[in-house]
Amino acid sequence: MKFINLLLSLIYVYHVLPLLFLVDASQPPFSCDSSNQATKSYPFCKTTLPINLRAKDLVSRLTLDEKISQLVNTAVAIPRLGIPSYEWWSEALHGVAFIEHVGQGVHFNGTIKSATSFPQVILTAATFDAQLWFRIGQAIGTEARAIYNAGQATGMTFWAPNINVFRDPRWGRGQETPGEDPLLTGKYAISYVRGIQGDSFEGRKLGEHLQVSACCKHFTAYDLDQWKGVNRFVYNAKVTAQDMADTFQPPFQSCIKEGRASGIMCAYNRVNGVPNCANHNLLTETARGKWGFNGYITSDCDAVSIIYENQKIVKSPEDAVAAVLKAGMDVNCGSYLKNHTKSAVQQKKLPESEVDRALQNLFSVRMRLGLFNGNPTKQPFGTIGANQVCSEEHHNLALEAAQNGIVLLKNNAKLLPLSKSKSSSLAVIGPNADSSKVLLGNYAGPPCKSITALQALRTYVGNTIYHQGCDAVKCSSPSIDKAVEIAKRVEHVVLIMGLDQTQEREDLDRVDLVLPGKQRELITRVGQAAKKPIVLVLFCGGPVDISFAKYDQNIGSILWAGYPGESGGIALAETIFGDHNPGGRLPVTWYPQNFTKVPMTDMRMRPETSTGYPGRTYRFYTGEKVFEFGYGLSYSNYSHQFISVAHSKIFLNQLAVNQKVKHSSPKRHFRVSEIAAGCERTKFSVRVGVVNHGEMAGKQSVLLFARKEKVGNGRPMKQLVGFQSVNINAGERVEIEFEVSPCEHLSRANEEGEMVIEEGTQLLIVEDKEYPITIMP
């Protein structure tokens, strides 16, 4: 009998226990297990109670040491309350991501090995398609929840989107953003956040439940990483109230008020001397007070420590901890709060109530994610399975996004599309042609599929010759003679050049705007040698001065493909050979190289004639452009016209009851803040007709701008009012309707940072058509 018992014990140890651990390992972590008699009676486990009361109850049960352990991104377990560990830091910029050598809440070491890699955000923004952005957010949120349900995640808070305005073309992280326009960036934020968190496209149907949590970053005026010895950790961004009001803050206001994001990340830098993470006006008065933010606020990683150690504006680590928690920050990416909060409390620099306030926000978000509602597989979003990761639907969506984002910059003599049946031979040359890594950009996870541009082009032309052309993207040792020799032998040449993450990325800003190394020489020589004008493809996030190629007759066509994601190679090949009609538009201005004379540290948006300062972005920049914001060609020709405008005159005195027009020199105006009720009444519709005169169906992005008849005095030269993307068949005519809000779209920021609407004529603009709107007293 003893032998049998021993044998049974051995069988249990070697066979049953591993199976139990396997099951446990595949289960997502959660609190309030209904089978746990010790915890299920706690009020914080009762789903019938409001979340704020549940969170308050939980916090009240913690010791000070336990509280402090929860103030950092890697929050440890609290076993006595049945609370597992939690990782606040996960990434999902353009797909669920994984960064090597960094602890995060998501892992690809189980049954799920990869996730759909959508185009880098800058290219997705070029679609000007808010519905597409929402669908991408939905897909990312679905895959994130599936990874959690599979037991491969210890956190469901994702630090995306990056909605800083792409102010300077040299910024290495501009690729992560939707571009340079505040309205475009704000609309992207709304769509992405609603999609990933599980809301509807229209919003406000989510309730308290979150599929996953999105985080608007980096709050605020953050757009410099490492430039000529100036780094983001110590940089003091000097920003006027005017620029803050109409450039840097609007995307965050949209992300919070309309997108209803549940997270904010405060940035490393200071703004006008005050660290973002220690700015009470920014975090508490503005985000929570004015915009109604309901969620948690995290620091960027080690952003608390730098306040003392790098910026040296406080006298001790305890002072830094006290400053950020009193300002309204909740969790520290890093260890500073874990190491110094207790001594800050003991030294009376920080009341424990501030710790409780932060924890209330943190546990409320975890509860909204359903992590304190018992087994999550039985909760909302609990049925999302591994089969919804890397699905065919998501692959097709990634392809659609890449197709519709690619921008045709030049197409002399209609060189493109190339003939699928008559192209006898093809040379594909360039360091980016056969790289799958370059397609992804930064903050990417392991992609589901990987097809390079070269591989995709070979499916169209069997007789394809490939040559790298350069040793790498830096192109310090090009093989120009060999590339020239190949170009002479074939019918068509496609050069795939540009940048990659060795040239632009987080912590690496560029110092110039030209192509690296000897890329220009290679392009020019190949163009001279080829039988026919060549096709130039650029993979890059930030703009590049390619004026030489724009005016070189040997270069027939130019395509900008951003970093187009896992399906980008296919999208590019389909575009070159006419299986897709390009319709993307640039979300940033492409500046000439001489713009690099402007210091990246100069935050001013508006030009200054007396000093020759040219200003920034299409709204204010007065210098020459290589390509302008919104530029993009198609294989079809489109015409546009205004069909109807509901109001051609707006009377300021009718905007608000018991208000009179404020008189100022030289224009009369209203402060928008004073006439909120009247703003709603004056919204009007604008209908625009679009005709496709080409022989191919296409997706056309229609951009509606507004500008003052007479610019100057700090007014934008023009500003985006709205945009819509529509499919139009060959020969078809469609109508698009925009809603214009005078208070939002026809106003401007004054020098005090107040939005005002002025008397005078403004012009609505679609392509080459204008329509006047008169604003009267």
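This is a predicted model: local features need pLDDT of at least 70, side-chain atom pairs count only at pLDDT 80 or more; totals for chains, interfaces and linings use all residues.
Start with the fold. The protein has 22 helices and 29 strands. Its radius of gyration is 28 Å, close to the 28 Å that the globule rule gives for 777 residues, so the protein is as compact as a globular protein of that length. Along the principal axes, the C-alpha trace spans about 85 × 80 × 50 Å.

Now the interior and the surface. Of the 777 residues, 60% are buried. Take the contacts between residues at least 6 apart in sequence: 77% of these join residues at least 24 apart. The accessible surface is about 29400 Å², and carbon and sulfur atoms account for 50% of that. On charge, there are 82 positive and 73 negative side chains. The centres of the two sets lie 2 Å apart.

On to the cysteines. How many disulfides does a search of the whole structure find? It finds 7. I will go through some of them.

Take C266 and C277. Their disulfide has an S to S distance of 2.1 Å. The link is right-handed, with 105° about the S-S bond. C266 sits in strand β8, and C277 in the loop between β10 and α9, 11 residues apart. Both cysteines are buried.

Next, C390 and C448. Here the sulfurs are 1.9 Å apart. This link is left-handed, at -80°. C390 is in the loop between α13 and α14, and C448 is in the loop between β13 and α15, so the pair ties together parts that are 58 residues apart in sequence. Buried or partly exposed? C390 is partly exposed, at 29% relative accessible area. C448 is partly exposed too, at 24%.

Then C470 and C475. They form a disulfide with sulfur atoms 2.0 Å apart. The torsion about the S-S bond is about -55°, so this disulfide is left-handed. C470 counts as buried at 3% relative accessibility. C475 counts as buried at 0%.

C215 is in no disulfide; the nearest cysteine sulfur, that of C216, is 6.6 Å away. C215 counts as buried, at 0% relative accessibility. What about C540? C540 is buried, with a relative accessible area of 0%.

To recap the handedness: C266 and C277 make a right-handed link, while the link of C390 and C448 is left-handed.

Technical notes: Residues are numbered from 1 along each chain as its sequence is written. Side-chain values use heavy atoms; hydrogens and water are left out. Helices (H or I, at least four residues) and strands (E, at least two) are DSSP runs, numbered from the N terminus. The radius of gyration is taken over C-alpha atoms; the globule rule is 2.2 Å times the number of residues to the power 0.38. Buried means under 20% relative accessible area, exposed over 50%, partly exposed in between (1.4 Å probe, protein chains only). Contact means heavy atoms within 4.5 Å. Accessible areas come from the Shrake-Rupley method with a 1.4 Å probe; for residues, only the protein chains shown count as cover. Lys and Arg count as positive and Asp and Glu as negative; His and the chain ends are not counted. The place of a charge is taken as NZ of Lys, CZ of Arg, CG of Asp or CD of Glu. A disulfide is a pair of cysteine sulfur atoms within 2.5 Å.
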